[in-house]
Amino acid sequence: MNDRDCMPTPQTHVHEFTGSTMNGAPVGRPDLLHSHRFAGVSGEAIKSGASHVHRLNTRTDFFTSHYHTIDVVTGIAVPVFDENMVQIGHTHGFTGATSVDAAHSHVFKVATLIEDPTGPASDMH
């Protein structure tokens, strides 16, 4: 709800994301070299200049009794086109580093999936 006029705030769109971190391990423990997987749904669109971004906040999977958190803001929207050069949606790239847990962190680079992939093609913009 919008506090000013008690009307529902219009909902924007979200994106699914899935990825893996780069390998990492605590210093001096190459025997613990590993990566993590993560997935989730972004927050709603946040205006950024003429485009928009999304906040992503999730946890990775577990490895030897630990996980990491991820909390980043994506880059701006990147159009996605089909084979006929018709725009069918957009995606967002994001990079970053996980939280430090179990004496190490991991870096990652990922792109979201397109918004509303099952929606009608006529709704694409």
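Mentor: Strands are DSSP runs of at least two residues marked E, numbered from the N terminus. The model discussed here is predicted.

Trainee: In which loop is A102 found?

Mentor: A102 has a phi near 55°, a positive value, although A102 is not a glycine. Most residues other than glycine have a negative phi. The place of A102 is the loop between β9 (93–97) and β10.

Trainee: Is S65 buried or exposed?

Mentor: S65 also has a positive phi, of about 65°, without being a glycine. The residue S65 lies in the loop between β5 (55–59) and β6. Exposed means over 50% relative accessible area. S65 has a relative accessible area of 76%, so S65 is exposed.

Trainee: Which elements give two or more residues to the largest nonpolar core?

Mentor: The largest nonpolar core has eight residues: F17, F38, L56, I70, V72, F94, F108 and V110. The elements that give two or more of them are β6 (69–73) and β10 (107–111).

Trainee: How far apart in space are I70 and L56, C-alpha to C-alpha?

Mentor: I70 lies in strand β6 and is buried, with a relative accessible area of 1%. Leaving out residues up to four places away in sequence, I70 touches F38, L56, N57, T58, T60, T98 and F108. I70 and L56 are 14 residues apart in sequence, and their C-alpha distance in space is 7.3 Å.

Trainee: How are the rings of F62 and Y67 paired?

Mentor: The count of aromatic pairs comes to five. The ring centres of F62 and Y67 are 5.2 Å apart. Planes over 60 degrees apart count as edge-to-face. The planes of F62 and Y67 stand at 65°, so the pair is edge-to-face.

Trainee: And how are the rings of F94 and F108 paired?

Mentor: Their centres are 6.1 Å apart and their planes stand at 65°. By that angle the pair is edge-to-face.

Trainee: Which strands does this pair link?

Mentor: F94 and F108 are 14 residues apart, and their pair links distant parts of the chain. F94 is buried at 4% relative accessibility, and F108 is buried at 3%. F94 is in strand β9, and F108 is in strand β10.

Trainee: Which residues do ring pairs link into a cluster?

Mentor: F94 and F108 form an edge-to-face pair, and both belong to the largest nonpolar core. F17 and F38 are also among the residues of that core. The cluster linked by ring pairs consists of F17, F38, F94 and F108.

Methods
Residues numbered from 1 in each chain as written. Predicted model: local features only at pLDDT ≥ 70, side-chain atom pairs only at ≥ 80, totals over all residues. Heavy atoms only, no water. Core = buried A, V, L, I, M, F, W, Y, C linked by side-chain atoms within 4.5 Å. Buried < 20%, exposed > 50% of the residue type's maximum accessible area, 1.4 Å probe, protein only. Helix = DSSP H or I, 4+ residues; strand = E, 2+ residues; numbered from the N terminus. Contact = heavy atoms within 4.5 Å. Phe/Tyr/Trp six-rings, centres within 6.5 Å; stacked < 30°, edge-to-face > 60°.
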